[in-house]
Amino acid sequence: TLNSEMAKFIDGLNYPVVSLRLSYNITDTQPYTWNKFKVVPNFSYVLNLNQTEEQIWNAMASENRNDIRKGEKEGLTVNQTADYKIVFDLIKKTYNRKNVTGNESELKKILFEFANKENSFAMICLKGGEPVSTSFCIFDKHAAYYLLGGYDEKKKHHSAGTMNIWESIKYSKKMSLKKFDFEGSMLPEVEKYFRKFGGTLTPLYRINKVNRSLEVILKIFKRELF
């Protein structure tokens, strides 16, 4: 099968560390287990965009709909932006607030080297012309993937993040994409938030393998993966 050949190919690359997330269309992970990969189940919420906008709206939790109405009433607006400096600053503030370190260089590569109008889009929520929050998505010909989000603690508004995601969903539908993938929901507080947008809880799998010289070290720090 294709998965069997893929498992053999990846294994034959002889990388010291392999960690790949499989497409949610792949449910038969046996060939990877047979080739000594550790298969780790994950979950994401995936929203079917082959519905009307009204159907998607009605499937959301009433709390989300109320947040969006409240934000609009209080003057919040959401615009698509190509100014990734604003996006970077808002996400960086979230990293700093959560004491997330070591990701700034990767964030810069994503936003300033990878991102363009052919593979990604970003939304910013504004209040009084000032950026409050942002969402950043990448996409292929089938789906959009919610990758990054952030907000300014000093200007935050309860509705801002929900409004950003709602506009991202609508824009994805406008591009005739079939799915909106929330890209993971394994943290309890994140799972609770993503669930309210009405997507389907969908299993997906990550395959991991590490050579023996690194295995002991990685098992100490990332036992759940290796």
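Helix α4 runs over residues 62-73 of this predicted model. Its 12 residues take it 16 Å from the first C-alpha to the last, close to the 16 Å expected at 1.5 Å a residue. Five names come up on its buried side: Asn64, Arg65, Asp67, Ile68 and Gly71 are buried in α4. Looking down the axis of α4, these buried residues fall within an arc of 160 degrees, so they line one face of the helix. As for what sits against the buried residues of α4, they pack against α3 (53-59), β3 (76-81) and α7 (160-174). After α4 comes glycine 75, which has a positive phi, near 90 degrees.

The largest nonpolar core has 27 residues, and the members touching the most others are Leu47, Leu49, Ile165, Trp166, Ile169, Phe180 and Phe182. Two or more residues each come from β2 (38-48), α3, β3, β4, β5 (130-139), β6 (143-151) and α7. Of these, α7 gives the largest share, with five residues. In soluble globular proteins, nonpolar side chains tend to be buried together.

Setting aside its neighbours within four places in sequence, tryptophan 166 is in contact with Glu53, Ile56, Trp57, Met60 and Ile68. Ile68 is also one of the buried residues of α4.

The largest pocket has a volume of about 1,800 Å³. Its lining takes in 47 residues, and Lys98, Tyr146, Gly149, Val190 and Phe194 are the ones that lie nearest its centre. Strand β6 provides the largest share of that lining, namely six residues.

Glutamate 118 is a surface case. It is placed in the loop between α6 (104-114) and β4 (120-127). With a relative accessible area of 59%, glutamate 118 counts as exposed because the cut-off for that label is over 50%. Between the C-alpha atoms of glutamate 118 and valine 17 there are 30 Å, and the two residues are 101 residues apart along the chain.

How values were computed:
Residues are numbered from 1 along each chain as its sequence is written. This is a predicted model: local features need pLDDT of at least 70, side-chain atom pairs count only at pLDDT 80 or more; totals for chains, interfaces and linings use all residues. Side-chain values use heavy atoms; hydrogens and water are left out. Helices (H or I, at least four residues) and strands (E, at least two) are DSSP runs, numbered from the N terminus. The expected span of a helix is 1.5 Å times one less than its number of residues. Buried means under 20% relative accessible area, exposed over 50%, partly exposed in between (1.4 Å probe, protein chains only). The arc is that of the directions from the helix axis to the C-beta atoms. Contact means heavy atoms within 4.5 Å. A nonpolar core is a set of buried Ala, Val, Leu, Ile, Met, Phe, Trp, Tyr and Cys residues joined through side-chain atoms within 4.5 Å. On a 1 Å grid over the protein atoms alone, a cavity is a set of points where a 1.4 Å probe fits but cannot get out, and a pocket is an open set with protein on both sides within 12 Å along at least five of seven lines; lining residues have an atom within 4 Å of a point. Grid points are joined across faces, edges and corners, and a volume is the space filled by probe spheres set on the points.
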